[in-house]
Every structure is written in structure tokens, then in C-alpha cells.
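Thanks, everyone. I'll keep this short, and you can follow along on the screen.

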Amino acid sequence: MKIKVIVTLKNGVLDPQGKAIQQTLNGMGFENVKEVRQGKYFNIEINENDEAKAKLKVEDMCKKLLANLVIEDFKII
Amino acid sequence: MKSSVIIFPGSNCDRDMDVALKKFGFKNQMVWHNDFELPKSDLIVLPGGFSYGDYLRCGSIAGKSKIINSVIEYGKSGGLVLGICNGFQILTETGLLPGVLQQNKYLEFICKNVYVKINDTENKFFKNIKKKILELHIAHNEGNYFCSNDELKSIEDNNQIAVSYCNKEGTYNNESNPNGALKNIAGIFNKKKNILGMMPHPERMIDKYLSGEDGSVFFENLIGNLK
């Protein structure tokens with residue numbers, strides 16, 4: 001089973017890369033871009049047939065390794 | 001006095017640290033990250049570098065390595081742990097130190113000498129130190145210290161801010177903050193002050209002719225405090 005995870009910076013945490021991307025987009029003519037927040041995407045293949053169980057395991061992985069909860073949030077999709 | 005320097009794949013300040021520790025009288029051993037046990041030591045050092053290629057987040061993979069449980073146990077039981085640069089990042093990833101080191105504010109790798117002021121001398125690292133403002137070298141891409149407001153209040157209340165970026169005179173301001181770190185924080189302690197993480201490299205400042213000797217001041221003082 002494949003589980004997808006998106007890790008993003010928490011609201012209010014400075015994202016200099018996102019800011020640089022936003023300014024570049026503005027400079028390229030995409031003037032209506034107000035904000036860009038950059039994140040990470042993980043595609044995890046796990047040996048588990050029960051989706052609820054798999055997601056619970058991935059949640060544990062997010063808390064222990066994939067995200068740093070001081071500055072990041074995660075979403076399992 | 002016995003010290004141990006942990007080597008992770010991608011560490012690159014481990015040998016500099018070994019030279020520095022031996023120069024000031026430590027009997028130093030190098031410890032491989034795949035080992036489970038630490039040799040008997042008075043000081044454990046996590047050196048600078050790019051452990052595991054800085055994959056995922058700086059220090060995150062090293063923070064789960066085989067040796068790290070022994071380091072956590074050693075630190076939690078009051079043993080002296082020093083993390084420099086990537087070592088500081090590893091200490092925050094293990095949770096031994098609060099906060100996180102984010103990418104530098106202006107997205108640049110910074111490699112230069114800076115001044116840092118020692119804020120607290122009631123600990124084994126800085127007790128009796130003869131200089132309060134040290135000129136040290138920094139070389140990092142992720143040194144921008146950040147923590148939540150509640151955490152900041154807690155580390156300020158406990159005097160856990162060990163060293164802060166300042167100018168030559170010891171004044172904190174934006175100009176002397178190289179990477180955007182919260183409150184100019186260059187290094188912090190845990191609550192008990194037996195664990196210190198800092199971005200500047202004292203091991204690079206131990207030669208009168210090549211670099212200056214403010215790192216020597218740090219190491220001489222440290223071994224003096226342990227004797």
C-alpha cells in the first residue's frame with residue numbers, strides 16, 4: 001500500500017526559500033502570486049493491507065522522523 | 001581527561017576536533033556512528049560536517065543513528081556533551097536541546113569569523129573563562145536558530161542562551177547577526193547546562209599564526225574545569 005505524506009512549515013515560521021520563489025515568480029510576471037510556502041512530499045510504500053493501520057504507522061514515522069514538529073506540520077493523504 | 005568524538009558519514013570537523021582536544025590535554029578517542037557503546041569519557045563531542053549528506057533535515061538521520069541512544073543516555077545522566085555546528089543540529093534533532101536550526105535568512109552558506117559573547121558562566125563549559133567575547137569561525141547553511149515563543153521564554157528564564165552573535169565590543173544588533181538567528185542565538189544549553197550546542201567552531205581557532213587563539217581559550221578553560 002502506498003501512503004503519501006506532505007510536510008510543510010508551520011504558519012508563522014519563516015520560509016526564506018518560499019519567499020525567494022515568490023519574488024522570482026513576481027519578477028517573471030506572475031504579479032498576483034502573494035505567497036509561496038515550500039514543503040516536502042513523501043511517497044511511502046508499506047507492507048500493510050489495512051489502510052487505517054498503515055496510516056497510523058506513517059503518522060508515527062512523521063512524528064519520529066519525517067517532520068520536525070518544532071517548525072513543521074504533516075498531512076497524510 | 002578522556003573525550004570521545006563521534007564520526008558520522010559526512011562529518012568533516014572530526015579530525016580538527018581531535019587535534020584541538022589533544023592539544024589541550026584530552027585523551028581523545030574517535031567513535032564510529034555504527035557502534036552502540038561509548039567508551040568511558042568525560043566529554044562527548046558531536047563534530048561539524050554534513051552527517052548523512054544533510055538528507056531530510058540537517059542532523060535528522062544522525063539523530064537516529066546507532067550510537068545516538070548512548071549519547072542521549074550519557075547526556076541525560078549529566079555527562080558533558082558538546083555539539084559544534086552539525087553537532088548542534090543533531091542535538092536539537094534528538095531533543096536534547098530545544099529549538100531547531102533553520103536555513104540562513106538570506107539563503108547563503110556563510111563562512112567567516114564572527115564575535116560571540118558568553119552569556120552564562122555558571123556551567124562547566126565557561127566557568128572561569130578569561131574572555132567573555134570570543135572571535136570564532138562559522139561555516140554553515142543552516143544556523144538560523146528558531147524556537148516557539150513559549151520555548152524562548154523558558155530558555156531565557158533558565159539562562160540557557162550560552163553564546164550570542166555580537167560585534168567586537170559585545171553589543172548585540174542585526175548587523176552582527178549573520179544568519180537571522182532568533183535573539184542572535186549562536187549556542188544554547190539544556191536545562192542542566194551539561195549539554196552545549198553552538199554553531200561557531202572553537203576547534204578552528206587554536207593556532208596563533210593561522211587563525212587566532214580564542215578557541216584555545218575555550219578548550220584550555222574547559223579542561224581546567226574538568227580537572
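This is a predicted model: local features need pLDDT of at least 70, side-chain atom pairs count only at pLDDT 80 or more; totals for chains, interfaces and linings use all residues.

Start with chain B. Its secondary structure comes to five helices and eleven strands. Along the principal axes, its C-alpha atoms fill a box of roughly 45 × 40 × 35 Å. Of the 227 residues in chain B, 52% are buried. Now the contacts. Take those in chain B between residues at least 6 apart in sequence: 74% of them join residues at least 24 apart.

Next, the core. The largest nonpolar core has 65 residues. Which of them touch the most other members? They are I6(B), V116(B), A186(B) and M198(B). Strand 9 of chain B, residues 161-166, gives this core its largest share, five residues. Apart from this core lies another, of five residues, including V5(A), V58(A), C62(A) and A67(A).

Stay with A186(B) for a moment. Leave aside its neighbours within four places in sequence. A186(B) is then in contact with V116(B) and M198(B), and also with V163(B), S164(B), Y165(B), A181(B), M199(B) and P200(B).

On to helix 5 of chain B, residues 214-226. Its 13 residues reach 19 Å from first C-alpha to last, close to the 18 Å expected at 1.5 Å a residue. The buried ones are D214(B), G215(B), F218(B), F219(B), N221(B) and L222(B). Seen down the helix axis, the buried residues of helix 5 fall within an arc of 165 degrees, so they line one face. What do they pack against? Helix 1 (14-23) and strand 7 (133-140) of chain B.

Now compare helix 2 of chain A, residues 51-66. A straight helix of 16 residues would span 22 Å at 1.5 Å a residue, but helix 2 spans only 19 Å between its end C-alpha atoms. V58(A), C62(A) and L66(A) are buried in helix 2. Down the axis of helix 2 of chain A, the buried residues fall within an arc of 50 degrees, so they line one face of the helix. Remember the helical repeat: with 3.6 residues a turn, residues three or four places apart point the same way.

One loop residue, then. N190(B) sits in the loop between strand 10 (185-189) and strand 11 (195-198) of chain B. Is N190(B) buried or exposed? It counts as buried, because it has 20 C-beta neighbours inside 10 Å, and 20 is the cut-off for buried. Beyond its neighbours within four places in sequence, N190(B) is in contact with L96(B), L97(B) and I195(B). N190(B) and L152(B) are 38 residues apart in sequence and 12 Å apart in space, C-alpha to C-alpha.

Last, the contact between the chains. It takes eleven residues from chain B and nine from chain A. On the chain B side, four are nonpolar, four polar and three charged.

That's it from me. Questions, please.

How values were computed. Residues are numbered from 1 along each chain as its sequence is written. Chains are lettered from A and ligands numbered from 1 in the order in which they are written. Two residues are in contact if their C-beta atoms, placed from the backbone, lie within 7 Å. Ala, Val, Leu, Ile, Met, Phe, Trp, Tyr, Cys and Pro count as nonpolar, Asp, Glu, Lys and Arg as charged, and the others, Gly among them, as polar. Helices (H or I, at least four residues) and strands (E, at least two) are DSSP runs, numbered from the N terminus. A residue is buried if 20 or more other C-beta atoms lie within 10 Å of its own, exposed if 12 or fewer, and partly exposed in between; C-beta atoms are placed from the backbone. The expected span of a helix is 1.5 Å times one less than its number of residues. The arc is that of the directions from the helix axis to the C-beta atoms. A nonpolar core is a set of buried Ala, Val, Leu, Ile, Met, Phe, Trp, Tyr and Cys residues joined through C-beta atoms within 7 Å.
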